[in-house]
Amino acid sequence: MIIVSACLAGYRCRYDGKIKPDPDITALVKSGQAVVTCPEMLGGLPCPRVPSERTADGKRVLAKDGKDVTDAFRLGAEETLRIARLYGCDHAILKAKSPSCGVGTVYDGTFSGTLRTGNGVTADLLMKSGITVEAKD
């Protein structure tokens, strides 16, 4: 079983309220090979919501309006890990560049569209817990 970002499966959970389904991910879900999760919504954030980025030091997540949403991102990551363990997932396909799900590259916290090396909060936790994580746009 694979855990996947719900936005990639076509669920309306992106920060902007839009959907951008990936046909490969949607097929995995429809065939019963994947379970969906949106860490940000599991952490209690609404849809749509103010965009957020991880700070340069990776310790906090701030919304563009200055609100500290770190706790919501951590809670969502923990819930996603709980779901992954519940379903026996050893692999995850997550949304690239996201402050939750980004793998290898995330936005730099300046809301300027600049990318930096790093992972999202959920991707970090899943990797530290032994789950193989890959990103998909």
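I am working on a predicted model, where local features need pLDDT of at least 70, side-chain atom pairs count only at pLDDT 80 or more, and totals for chains, interfaces and linings use all residues. Residues are numbered from 1 along each chain as its sequence is written, and side-chain values use heavy atoms, with hydrogens and water left out.

I noted an accessible surface of about 6800 Å² for the chain, 52% of it belonging to carbon and sulfur atoms (Shrake-Rupley method, 1.4 Å probe).

I checked the overall dimensions. The C-alpha trace spans about 40 × 30 × 25 Å along its principal axes. The radius of gyration of the chain is 14 Å, which agrees with the value near 14 Å for a compact globule of 137 residues (taken over C-alpha atoms; the rule is 2.2 Å times the number of residues to the power 0.38).

I listed the elements: 4 helices and 8 strands, in the order β-α-β-α-β-β-α-β-β-β-α-β from the N terminus (DSSP runs numbered from the N terminus, H or I of at least four residues for helices, E of at least two for strands).

I then looked at contacts (heavy atoms within 4.5 Å). Among those between residues at least 6 apart in sequence, 62% join residues at least 24 apart.

I looked up Lys-20, which lies in the loop between β1 (2-5) and α1 (23-30). Leaving aside neighbours within four places in sequence, Lys-20 is in contact with Cys-7, Leu-8 and Arg-14. The C-alpha atoms of Lys-20 and Ala-9 are separated by 8.1 Å, at 11 residues apart along the chain.

I turned to pockets (open sets of points on a 1 Å grid over the protein atoms alone, where a 1.4 Å probe fits, with protein on both sides within 12 Å along at least five of seven lines; lining residues have an atom within 4 Å of a point). The largest pocket holds about 590 Å³ of space (the space filled by probe spheres set on points joined across faces, edges and corners). It is lined by 30 residues, with Arg-14, Tyr-15, Ser-98, Pro-99 and Tyr-107 the closest to its centre. α2 (39-42) and β3 (52-54) each supply at least two residues of this lining.

The second largest pocket holds about 170 Å³. Of its 13 lining residues, Arg-54, Arg-74, Val-121, Asp-124 and Leu-125 lie nearest its centre.
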